[in-house]
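I opened the notebook with a few simple things to look up. Here is what I went through, in order.

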Amino acid sequence: MANARPGLLRRIVRHRADYLYVAPALLVMLLVIAYPIYDTIYLSFFNTPPNLALEDKIFIGLGNYQRILGMDSFHEATWNTFVWTVFSTLFAFVLGFGAALALNREFVGRGLMRGILLIPYVISAVAASYIWRWLYHSDFGVIGAISVAIGLTENPINFLDSTDFVMASLIVVNVWKEFPFAMIMMLAGLQTVPDQLLRAAQVDGAGPWHRFWHITVPHLKGVTLVTVLLLLVANLNSFTIPWIMTGGGPAGASEIWITHIYQLAFGRIRFGLASAYSVILFIVMMGMGYFYVRALTKGDAK
Amino acid sequence: MKRRDPWRIGGAVFLAGLTIFALLPMAWMLITSLKTQFAALQYPPQWLPKNPTLEQYSLLLSPGNPVGQEFLRYLFNSLWVSFASTVLGVVVAVPAAYAFSRFRFPGRNLLFYSVLLRNMFPAVVFLMPLFIMMRWLGLVNTQASLILTYLTFGLPLSIWLLKGFYDNIPVQLEQAARIDGASRFQAFILIVMPLSSPGIIATAIYSFIMAWNEYVYALTFINNAERLTLPVGLQRFFTEYATNWPGLMAASFIMSVPVVALFLVLQKYFVRALTEGAVKS
């Protein structure tokens, strides 16, 4: 849209009735989205007192940013966030894509199967976190008991209180919760692969692997990009599972950016510092957002 | 096509393994919820409850005792907050999504992509300023604060999903109505609205489930036990009765039932809502 074209004003006036339709939505979005973003950026330049009145805040420029980038706990949380995001996304995508491939053919009970596999995605993250805390319980947890019963370990593993296992244990829960999302997205993608093309290739003597690699995969590029981006974003933003299951512990071993920000903001009431931290996260997100919009609008050239 | 090729067998084995992975935690939740507290804290565990009991469920769901009263209040609060924010979000989103789909007003693309980008922002970015705003408005500790803040994710999502549905309704139908003398608004109400009701249902359910499961805003804005919603209420329940795992599992089960039921009944719409936009055929 060439907005700089002369007559923009006239076009706006001509379309004035159109804006009535979007006005309520825009008003709400200004109030609950635009203003909060502005306020977060604004607060990030202030040293705020540790109380909720926020009256005696002092402008300190980029001071909060310098402090955060120098904190050891920030570096540790950054590494954890990286591990959490990358491995959650990777495993959720691989399991989801595998399930989509297996479900992408007619068989009895296929709809039921798809429904069952989607349930973890639908139930609340809070319920999921408690269920898995119980499964991981250090004394009475069923996973520990099974691994002892089949002779895998001598004693039940302490999944959540050990700095070595906690991250992997949380990632398993997260993958359990979100692989169905990847499955549904990829299944929808697979259904757009033209059947005639696959059959024609079969007639020409192409084997299953060949058909998959040269026909199916190229067709799935777009949906794969969107799915992976949405998984990355969701994982970077996830709060409930780590917060309920460990609260970032033990000793910060499962602290990721989001839980760290929450702890700074509402545990220690350092709104200025937490705002600067949010802005850093926000910048990373915008980078991904750019690719997301680009992926969604490709081929939408109207 | 009925040949048994190794790909098909491999797929079946993989699918079976994945189903076990998906179902076992939920099976264990159900099994635990049917145990007594004593039976739950056994090592090695009772794989199946020796004396299954519905004690926890009757405790949680009977208004006659304090635990049940508390739990039912949380349940009711969750229903109310999710319902109100869904209705509010859909009512505001429907005309906006329609305008984004049909009209070509200046600034349309810019506005629409900023709606889209909202999906990228973590709730935590909004948490502090919204908390300050709610304090200023005097809404901290009220359910209005939740209904309003749930729009931060409900509204952009609804606009995005609904626009996808409107894009799929042929514009010729409205044009025919216009030729017959209907105004643009009449065409929207009389022709487009009925056709888009599946889309509105899908969007409303998606938005309801998101609100029902929401945790972080409820955790931050509400600390009055009277007004808690279920996800945060569950946590209080957990800390107050720390060892009552069967009770917690029963509560988790009850909390999951509405969303799973809604979803299973309307699976088709739900899946469509999820994948709308990402997949272009």
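To judge overall form I took the radius of gyration over C-alpha atoms, with the globule rule being 2.2 Å times the number of residues to the power 0.38. By that rule a compact globule of 302 residues would come near 19 Å, but chain A has 24 Å. Its C-alpha atoms fill a box of roughly 70 × 70 × 30 Å along the principal axes.

A note on the source: this is a predicted model, where local features need pLDDT of at least 70 and side-chain atom pairs count only at pLDDT 80 or more, while totals for chains, interfaces and linings use all residues. Residues are numbered from 1 along each chain as its sequence is written, and chains are lettered from A in the order in which they are written.

Next, the secondary structure. I found 14 helices and 2 strands in chain A; these are DSSP runs numbered from the N terminus, helices being H or I of at least four residues and strands E of at least two.

Then I turned to the interface. I saw 81 residues of chain B in contact with 82 residues of chain A (C-beta atoms, placed from the backbone, within 7 Å). Helix α1 (residues 6-33) of chain B gives the largest share of its side, 14 residues.

Most residues other than glycine have a negative phi. Ala251(A), not a glycine, has a positive phi of about 55°, and it is found in the loop between α12 (240-245) and α13 (257-267) of chain A. Ile269(A) also has a positive phi, about 50°, in the loop between α13 and α14 (271-297) of chain A.

Definitions and conventions. Two residues are in contact if their C-beta atoms, placed from the backbone, lie within 7 Å.
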